Amino acid sequence: METEHIYVDGEEKSADEVLTASEKYAADQGFSEQESLRLRLLSEELLGLLNGITSDDYTALFWIEGDKKVSRLHLNGKINMTSQRREELISTAKSGRNEAAVGIVGKIRDMIAVSVLRMNEELTPDVDGLMPDYFGAGSEMMMSGVGPSMAWSLNAYRNALEDGMIDLDQTGEFEKREPWDELERSVIANLADDVKVKIVGDDVEILVERSVGS
């Protein structure tokens, strides 16, 4: 089954249409009330990945496809990000960093913004490297017929953190403890089997996968 493709642009009306489509999809699949709520929460989290990157200046299509076992939530859009906009966001923070990049969703937003700039070769030294180094562990740069692209996976990021969580001397002092705690507190990380992001130029594709009952 596949829902209609819904145009979203950061406005409340389009967000309401997404949530209505999520609830209808869950009802058509015969999901329990709890599973329907989880799908709705994932839909909200998915929209939140693009909201706020450029003061909601984006256009995208949202849809859900799947069956009674697996649901896949798609959000494909364009981000209008420039170096000037990025620098304006950073300049509003006393620390000189993007303080909105808090939590998994916030860091994914930041990764998308920085990556779009890299794809368009607009990234300046002042705004490069603002993502935490460890967050790039789930990403991969590639070349294709249309130019460079970047892919990031929540599972790859999670695996990278697990590799850094080995308590070699049994003292209870783990590397990367803070990002791991952040992951465990994340709604999207707890509800989704995986979150995949692909960026080519200013085109952003986000896929959230969830196994029913997981």
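## Salt bridges and a surface patch

Lys-196 has a relative accessibility of 36%, so this residue counts as partly exposed. The model discussed here is a predicted one. Lys-196 takes part in a salt bridge with Glu-209, in which the closest N and O atoms are 3.9 Å apart. Glu-209 belongs to strand S7, whereas Lys-196 belongs to strand S6 (residues 194–200), so this pair ties together parts that lie 13 residues apart in sequence.

How many salt bridges does the count come to? The count comes to eight salt bridges. Three of them are set out below, each with the distance between nitrogen and oxygen.

| Salt bridge | N to O distance |
|---|---|
| Asp-203 and Lys-78 | 2.7 Å |
| Asp-28 and Lys-24 | 2.9 Å |
| Glu-209 and Lys-196 | 3.9 Å |

The salt bridge between Asp-203 and Lys-78 has its closest N and O atoms 2.7 Å apart. Asp-203 is partly exposed because its relative accessible area is 32%, a value that lies between the limits of 20% for buried and 50% for exposed residues. Lys-78 is likewise partly exposed, with a relative accessible area of 42%.

Lys-24 is exposed, since its relative accessible area is 53%, and the cut-off for exposed is over 50%.

Salt bridges may also share partners. Glu-23, Arg-40 and Glu-44 are joined in this way into one network.

The surface also has a nonpolar part. Which residues make the nonpolar surface patch of about 220 Å²? The patch is made by Leu-37, Leu-41 and Val-187. Val-187 is placed in helix H7 (residues 187–191). With a relative accessibility of 37%, Val-187 counts as partly exposed; this value meets the requirement that residues of a patch have over 30% relative accessible area.

How values were computed:
Residues are numbered from 1 along each chain as its sequence is written. This is a predicted model: local features need pLDDT of at least 70, side-chain atom pairs count only at pLDDT 80 or more; totals for chains, interfaces and linings use all residues. Side-chain values use heavy atoms; hydrogens and water are left out. Patches are made of residues with over 30% relative accessible area and no salt bridge: like charges are joined within 9 Å, nonpolar side chains (Val, Leu, Ile, Met, Phe, Trp, Tyr) within 5 Å. Accessible areas come from the Shrake-Rupley method with a 1.4 Å probe; for residues, only the protein chains shown count as cover. A salt bridge is a side-chain nitrogen of Lys or Arg within 4 Å of a carboxyl oxygen of Asp or Glu. Helices (H or I, at least four residues) and strands (E, at least two) are DSSP runs, numbered from the N terminus. Buried means under 20% relative accessible area, exposed over 50%, partly exposed in between (1.4 Å probe, protein chains only).
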